[in-house]
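Biologist: I have not looked at this one before. Can you put it on the screen and take me through it?

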Amino acid sequence: MTRYFDDLETRSADARAAAIASDLPRQIARAQVLPGYGDSLAGVEATAITGIADLAKLPVLRKSDLGKAQAASAPFGGLTTRGVSGFAHIFQSPGPIYEPGGTEHDWWRMGRFLHAAGIGKGDIVQNCFGYHLTPAGMIFESGARAVGAAVLPAGTGQTELQARAAADIGVTAYAGTPDYLKVILDKAEEMGLKLGITKAAVGGGALFPSLRQEYKDRGISCLQSYATADLGNIAYETDAMEGMIVDEHVIVEIVTPGTGDPVAPGQVGEVVVTTLNPDYPLIRFATGDLSAVLEGTSPCGRTNTRIKGWMGRADQTTKIKGMFVRPEQVATLVAKHSEIVKARVIAGREGEMDTMTVQIEAQGGDAASYAASVADVLKLKGKIEVLAPGSLPNDGKVIEDQRTYD
């Protein structure tokens with residue numbers, strides 16, 4: 001018999017709609033008085049916004065809008081209902097974009113996903129998400145606290161020490177990017193260590209079917225969530241393995257990319273999220289990710305809307321090795337060297353690991369001479385290929401994702 005995180009997960013459609021009709025107008029009203037929204041919500045009758053369809057009347061908030069607001073009013077752009085010192089944590093993501101964080105019970109709503117992944121009291125979670133500046137580590141730690149699990153705050157790197165700690169402590173669950181768990185497992189095998197990890201809660205990158213199967217073959221159940229630094233948990237997998245179930249405290253729309261217009265059910269479009277977090281009321285926040293709604297309800301018994309999961313980017317921004325690479329970063333790389341004519345970043349896959357190749361059209365220089373700039377600007381290391389001018393296609397692409405998700 002399935003045990004649910006709470007009764008919200010199995011509500012009827014009418015009960016969920018009634019809750020939204022009560023909660024959504026209050027959230028719109030909170031946002032309207034925040035200086036960061038400026039005039040964008042002026043004239044909106046908050047009490048008239050009572051359902052998902054009503055949200056289409058409101059403008060979309062984009063990541064670029066956050067950057068502009070934060071440049072005008074650091075660090076949160078006048079988009080929070082608390083002052084800066086009223087939050088437990090302040091995070092920085094590439095951009096830079098600053099996000100608030102709280103330590104109140106399940107502030108990021110990640111407990112719901114960890115519960116669905118079978119993690120709870122008695123588990124020890126090796127949390128390999130980053131704890132430095134970016135919020136992923138604290139997002140998953142908050143979720144672990146919500147389900148009563150202990151945490152080894154491991155972060156990334158020092159894999160030999162990670163494998164040793166997992167064996168010595170008796171770690172039972174992993175949280176981190178999908179492919180880093182394989183690195184730890186392989187290192188443990190190399191060291192002759194027997195690990196007790198049987199559960200994995202992953203995010204921050206694509207979980208390829210072949211990698212999920214490898215974990216299953218090693219006795220590890222691996223599920224993934226869809227979360228962002230700004231919004232926290234958006235949707236999550238359950239053991240039914242049929243799409244991702246939308247979290248109970250966000251509202252998800254699928255719209256035509258670059259617009260705020262909802263697409264027909266089942267059509268692929270951009271994920272737009274309204275969070276019901278009273279501390280940080282993001283209204284119609286465009287994630288830049290593509291997905292689609294799955295019709296029907298999950299066989300696991302949870303009744304909320306399902307989405308197909310991450311299906312690519314609405315723009316060329318691409319996540320490689322758990323880090324976003326953006327077109328503007330590629331432009332910065334080109335600008336740093338006068339001899340570079342054009343550059344293209346290619347995301348690939350070797351085995352179960354992401355790869356990055358940077359192709360540079362230049363009048364001179366060699367791969368080694370650009371390595372430092374690539375690492376500094378893109379925040380990742382990768383293979384560098386120097387090509388003669390005119391070699392790259394004239395198709396407007398600066399980031400190409402060659403990975404397949406079959």
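**Sheets, cores and charges**

Modeller: Gln126 stands opposite Tyr174 in β5. Strands here are DSSP runs of E with at least two residues, helices are runs of H or I with at least four, and both are numbered from the N terminus.

Biologist: Where do the coordinates and numbers come from?

Modeller: This is a predicted model, in which local features need pLDDT of at least 70 and side-chain atom pairs count only at pLDDT 80 or more, while totals for chains, interfaces and linings use all residues. Residues are numbered from 1 along each chain as its sequence is written, and side-chain values use heavy atoms, with hydrogens and water left out.

Biologist: Back to β5. How does β3 pair with it, parallel or antiparallel?

Modeller: β3 and β5 (residues 173-176) pair in the parallel sense, over 3 bridges. Two strands count as paired if DSSP finds at least two bridges between them.

Biologist: What is the strand order in the open sheet of 9 strands?

Modeller: The order is β4-β3-β5-β6-β7-β8-β9-β14-β13, with mixed pairing. β4 (150-153) and β13 (293-294) are at the edges with a single partner strand each, so one side of each has no neighbour in the sheet.

Biologist: And the open sheet of 3 strands, what order does that have?

Modeller: That one runs β10-β11-β12, and its pairing is antiparallel. β10 and β12 are the edge strands, each pairing on one side only. Ignoring direction, neighbouring strands in this sheet are turned by 30° against each other on average. That angle is between axes, which are lines fitted to C-alpha atoms (for helices over the stretch in contact), and angles run from 0 to 180 degrees between N-to-C directions.

Biologist: How many bridges join β10 to β11?

Modeller: There are 6. In one of the pairings, Glu253 has Val272 in β11 as its bridge partner.

Biologist: Change of topic. Which residues have the most contacts inside the largest nonpolar core?

Modeller: Ile28, Tyr37, Leu66, Val252 and Leu282, in a core of 34 residues. The elements that give two or more residues to this core are α1 (13-32), α2 (63-72), β8 (232-236), β9 (244-246), β10 (250-255) and β11 (269-275). A second, separate core has 26 residues, including Leu114 and Val125.

Biologist: What counts as a core, and what counts as buried?

Modeller: A nonpolar core is a set of buried Ala, Val, Leu, Ile, Met, Phe, Trp, Tyr and Cys residues joined through side-chain atoms within 4.5 Å. Buried means under 20% relative accessible area, exposed means over 50%, and partly exposed is in between (1.4 Å probe, protein chains only).

Biologist: What does Leu66 touch?

Modeller: Its contacts (heavy atoms within 4.5 Å) include Leu79, Ile97, Leu282 and Phe285, leaving aside residues up to four places away in sequence.

Biologist: Which residues of α2 are buried?

Modeller: Leu66, Ala69 and Gln70. They cover an arc of only 95° around the axis, which puts them on the same side of α2; the arc is taken from the directions from the helix axis to the C-beta atoms. These buried residues pack against β2 (97-101) and β12 (285-291). Lys68, Ala71 and Ala72 are exposed on the face turned away from the buried side.

Biologist: Now charges. How many salt bridges does the structure hold?

Modeller: It holds 32. A salt bridge here is a side-chain nitrogen of Lys or Arg within 4 Å of a carboxyl oxygen of Asp or Glu. Asp123 and Lys199 form one, with their closest N and O atoms 2.8 Å apart. Asp123 sits in the loop between α3 (111-116) and β3 (124-127) and Lys199 in β6 (residues 199-202), so the pair links distant parts of the chain, 76 residues apart. Asp123 and Lys199 are both buried.

Biologist: And between Lys57 and Asp54?

Modeller: Their side chains meet in a salt bridge at 3.6 Å, N to O. Lys57 is exposed at 59% relative accessibility, whereas Asp54 is buried at 17%.
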